[in-house]
Amino acid sequence: QVQLVESGGGLVQTGGSLRLTCAASGSIFSINAMGWFRQAPGKQRELVAAISTGGSTQYADSMKGRFTISRDNAKNTVYLQMNSLKPEDTAVYYCAAGRYSGSFLWSFWGQGTQVTVSS
C-alpha cells in the first residue's frame with residue numbers, strides 16, 4: 001500500500017496562486033508516477049496533471065500554462081504550482097499515485113484538499 005498526504009489547499013482570490021504538496025509513503029517501490037486530479041461539486045473527477053519519475057508529464061488542456069507539476073524523487077513528493085487561479089478552479093484536489101509505461105494507471109489516492117477561488 002501507498003499512503004498519500006496532501007497539503008497546501010485553501011482560499012485564494014482570483015488571479016492568486018497556491019502550491020499543493022503530496023508526500024507518498026509505504027510501498028514506494030510499487031509506483032513510478034504521481035499526479036493530481038480535481039473534483040468540483042456535481043462534476044466528475046478530472047485529471048489536472050501527472051508526472052513520472054522519469055519526468056514524463058501530462059496536463060489537462062485547460063490548465064496548461066497556468067499549472068505546473070514537479071516532483072522530488074528523493075522525497076517521494078509531488079508538487080502542483082497553480083497560478084492565475086480562476087473561480088472555476090474551485091474543487092477538491094486529490095493526489096494520486098500509480099504506474100507509468102507510456103500511459104498513466106492510478107492505484108492509490110489521497111484524501112483530498114480543498115481549493116477555493118473567490119471572485
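**View 1. Aromatic pairs in the predicted model.** Four aromatic pairs are counted, where rings of Phe, Tyr and Trp (its six-membered ring) pair if their centres lie within 6.5 Å. Planes under 30 degrees apart count as stacked, over 60 as edge-to-face and the rest as tilted. F37 and W106 form an edge-to-face pair, 5.7 Å centre to centre with 85° between the planes. This pair links distant parts of the chain: F37 lies in strand β4 and W106 in strand β10 (residues 104-109), 69 residues apart. Strands are DSSP runs (E, at least two residues), numbered from the N terminus. This is a predicted model: local features need pLDDT of at least 70, side-chain atom pairs count only at pLDDT 80 or more, and totals for chains, interfaces and linings use all residues. Residues are numbered from 1 along each chain as its sequence is written, and side-chain values use heavy atoms, with hydrogens and water left out.

**View 2. The ring cluster.** Ring pairs link F37, Y100, F104, W106 and W109 into a cluster. Y100 and F104 form a tilted pair, 4.5 Å centre to centre with 40° between the planes. Y100 is partly exposed at 24% relative accessible area. F104 counts as buried at 15% relative accessibility, and F37 is buried at 11%. Buried means under 20% relative accessible area, exposed over 50%, partly exposed in between (1.4 Å probe, protein chains only).

**View 3. R45 over two rings.** The charged end of R45 sits over the ring of Y94, 3.8 Å from its centre. R45 also lies over the face of W109, at 4.8 Å from the ring centre. The criterion is NZ of Lys or CZ of Arg within 6 Å of the ring centre and within 35 degrees of the ring normal.

**View 4. Strand β8 and its partners.** Five of the six residues of β8 are buried, so this strand is largely enclosed by the rest of the structure. β3 and β8 run antiparallel, joined by six bridges; strands pair if DSSP finds at least two bridges between them. C22 stands opposite V78 in β8. Six bridges also join β7 to β8, again antiparallel, and I69 stands opposite L80. β7 and β8 form a hairpin with four residues between them. In the turn, N76 has a positive phi of about 50°.

**View 5. The nonpolar cores.** The largest nonpolar core has 29 residues. A core is a set of buried Ala, Val, Leu, Ile, Met, Phe, Trp, Tyr and Cys residues joined through side-chain atoms within 4.5 Å. L4, M34, W36, L80, M82 and Y93 have the most contacts inside the largest core. A second, separate core of seven residues includes A33, A50, A96 and W106.
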